[in-house]
Amino acid sequence: MNNLYAVLLAGGTGTRMGTEVPKQFLKVRGESLLRHSVKRFRSFGLLKSITIVSHPDWILETEKELSDLLEWNDRIVPGGESRHLSTLCGIQSIPYDTKDIFFIHDVARPNFKQKELYQLVEQTKIFGGASIIAKATESLVRVRIHTNYTEEPLKRDEVYAVKTPQSIAGFMIQELMAEGLDADINKHPTDLCTWMGKRRVGIVETDYHNIKVTSPGDAELADSLFWEELPTVE
């Protein structure tokens, strides 16, 4: 491993949330989701740089929000039409080699733990990519598209929810990029695990703190579950 980079996805516009501002600017414990994510990665202390991927219309607001947190080698870049294209915009803005590792994180998740970043790095060294996951806590069934019934229960012990941060090595990025990308953005990967397909992805298990904020009500829940740990940067 040479360098560690973080690509933070903050490209929302607020449309699905029904709010005047994108969800990355919603506040938990008095600070925006965006600031919480940047502060957690900054406290990790081992990053070469942090890249924020923003919707073009919100770049100026993002710069203002993070004016006291970003360092000289950090950057804010415009995203693409899909989550995956936005991820690629962040990755491709950085010169990297095969031994470098990228963290990919959705800033709508403010409650990840720094110790999980260390675990992701170790898993990425083994598998080329890794993800935060959480055990399913309820019974699960499969409902096929365009049906109104289920006929197949799933084994709860074998089903996990995929979360972020995720991580991927430079050599794996190059391998996946060589496979090309579907012209239909609706068929683009939705996260690292779907991008890697049937390849093995390392896992780091987390708990209920890692909630995704997709509505104003989720912000209240994230506030109540907020994880305070912020190690000192050496």
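# Briefing: a cavity, a pocket and their surroundings

The structure holds one cavity of 30 Å³ or more. The model is a predicted one. The points below begin with this cavity and the helix that gives the most residues to its lining, α3.

**The largest cavity**

- The volume of the largest cavity is about 70 Å³.
- Its lining is formed by Arg 83, His 84, Thr 87, Ile 91, Ile 104, Gln 166, Ile 168, Pro 189, Thr 190, Asp 191, Leu 192 and Trp 195.
- Sorted by class, these lining residues comprise six nonpolar, four polar and two charged residues.
- At least two lining residues come from each of α3, β10 and α6.
- The greatest contribution is that of α3, which gives four residues to the lining.

**Helix α3 and Ile 91**

- The buried residues of helix α3 are His 84, Ser 86, Thr 87, Leu 88, Gly 90 and Ile 91.
- The elements that cover these buried residues include β1 (4–10), β4 (49–54), β5 (75–78), β6, α5 and α6.
- Ile 91 lies in helix α3 and is one of the residues that line the largest cavity.
- Ile 91 counts as buried because its relative accessibility is 2%, and the limit for a buried residue is under 20%.
- Beyond its neighbours within four places in sequence, Ile 91 is in contact with Val 7, Tyr 96, Phe 102, Ile 104 and Ile 173.
- Between the C-alpha atoms of Ile 91 and Lys 155 the distance is 36 Å, and these two residues are 64 residues apart in sequence.

**Helix α5**

- Helix α5 spans residues 170–178, and its buried residues are Gly 170, Met 172, Ile 173 and Leu 176.
- These residues lie on the same side of α5, because they cover an arc of only 160° around the axis.
- The partners against which the buried residues of α5 pack are α3 (83–92), β6 (101–106), α4 (114–127), β10 (160–169) and α6 (192–196).
- Just after α5 comes Gly 180, which takes a positive phi of about 85°.

**The second largest pocket**

- The second largest pocket has a volume of about 170 Å³.
- The residues that line this pocket are Ala 134, Lys 135, Ala 136, Thr 137, Ala 161, Lys 163, Asp 207, Tyr 208 and Asn 210.
- Four of these lining residues are nonpolar, two are polar and three are charged.
- Strands β7 (129–135) and β10 each supply at least two residues of this lining.

**Backbone features**

- Most residues other than glycine have a negative phi, and most peptide bonds are trans.
- Arg 29 has a positive phi near 55° and is a residue other than glycine.
- The position of Arg 29 is in the loop between β2 (27–28) and β3 (31–32), and with a relative accessibility of 39% this residue counts as partly exposed.
- His 146, also a residue other than glycine, has a positive phi near 70°.
- The loop that holds His 146 runs between β8 (140–142) and β9 (152–154).
- His 146 counts as exposed because its relative accessibility is 82%, and the limit for an exposed residue is over 50%.
- The peptide bond from Thr 164 to Pro 165 is cis, with omega near 10°.
- Pro 165 belongs to strand β10.

**Ser 49 in strand β4**

- Ser 49 is part of strand β4 and, at 4% relative accessibility, counts as buried.
- When residues up to four places away in sequence are not counted, Ser 49 touches Leu 4, Tyr 5, Ala 6, Asn 73, Asp 74, Arg 75 and Ile 94.

**Cysteines and disulfides**

- A disulfide is a covalent bond between the sulfur atoms of two cysteines.
- A search of the whole structure gives zero disulfides.
- Cys 89 is partly exposed, because its relative accessible area is 28%.
- Cys 193 also counts as partly exposed, with a relative accessibility of 21%.

Conventions. Residues numbered from 1 in each chain as written. Predicted model: local features only at pLDDT ≥ 70, side-chain atom pairs only at ≥ 80, totals over all residues. Heavy atoms only, no water. Disulfide = S-S within 2.5 Å. Buried < 20%, exposed > 50% of the residue type's maximum accessible area, 1.4 Å probe, protein only. Arc of directions from axis to C-beta. Contact = heavy atoms within 4.5 Å. 1 Å grid on protein atoms, 1.4 Å probe; cavity = no way out; pocket = protein on both sides within 12 Å on 5 of 7 lines; lining within 4 Å. Points joined across faces, edges and corners; volume = space filled by probe spheres on them. Nonpolar A, V, L, I, M, F, W, Y, C, P; charged D, E, K, R; others polar.
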